[in-house]
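Colleague: I've got a model open and I'd like to learn how to read its core and its aromatic rings. Can you walk me through it?

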Amino acid sequence: MKEKIEYLLRAGNYTATSLARLLDIQPSGLSHILSGRNKPSFDMVVKLLKAFPDINPDWLLLDDERVYRDEVPSSSFS
């Protein structure tokens, strides 16, 4: 999940502090996740999905290849 949060930071051009503010969490909590010290809580996952409604929950939680909800998987049939 750490890598996915880092992806959201880059894609949205956020700093760790601005993302923490957006999610209404302590910057230190996000820092601990990004350093690998802690794993995100369920509450944080919910906040991420609410803050980024276009993100595919299956990508965030289950490693689906589609980052965004409306993205067509590359392996789909034409």
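This is a predicted model: local features need pLDDT of at least 70, side-chain atom pairs count only at pLDDT 80 or more; totals for chains, interfaces and linings use all residues.

Colleague: Which residues have the most contacts inside the largest nonpolar core?

Modeller: The general idea is that in soluble globular proteins, nonpolar side chains tend to be buried together. Here the largest such core has 18 residues, and Ile5, Leu19, Leu30, Met44, Leu48 and Ile55 have the most contacts inside it. Helices α1, α2, α3, α4 and α5 each give two or more residues, with the largest share, four residues, coming from α4.

Colleague: What is Ile5 in contact with, leaving aside its neighbours within four places in sequence?

Modeller: Its partners are Leu19, Leu30, Ile33, Leu34, Pro40, Met44 and Leu48.

Colleague: On to the rings, then. How many aromatic pairs are there?

Modeller: A pair of aromatic rings is described by the distance of the centres and the angle of the planes. This structure holds two pairs. Tyr7 is partly exposed at 27% relative accessible area, while Trp59 is buried at 8%.

Colleague: And what about Tyr14 and Phe52?

Modeller: They are edge-to-face too, 5.9 Å centre to centre with 90° between the planes. Tyr14 sits in the loop between α1 and α2, and Phe52 in the loop between α4 and α5, so the pair links parts 38 residues apart in sequence. Phe52 is buried, at 10%, and Tyr14 is partly exposed, at 29%.

Colleague: Where does the charged end of Lys4 sit?

Modeller: Over the ring of Trp59, 5.4 Å from its centre.

How values were computed: Residues are numbered from 1 along each chain as its sequence is written. Side-chain values use heavy atoms; hydrogens and water are left out. A nonpolar core is a set of buried Ala, Val, Leu, Ile, Met, Phe, Trp, Tyr and Cys residues joined through side-chain atoms within 4.5 Å. Buried means under 20% relative accessible area, exposed over 50%, partly exposed in between (1.4 Å probe, protein chains only). Contact means heavy atoms within 4.5 Å. Rings of Phe, Tyr and Trp (its six-membered ring) pair if their centres lie within 6.5 Å; planes under 30 degrees apart count as stacked, over 60 as edge-to-face and the rest as tilted. A charge sits over a ring if NZ of Lys or CZ of Arg is within 6 Å of the ring centre and within 35 degrees of the ring normal.
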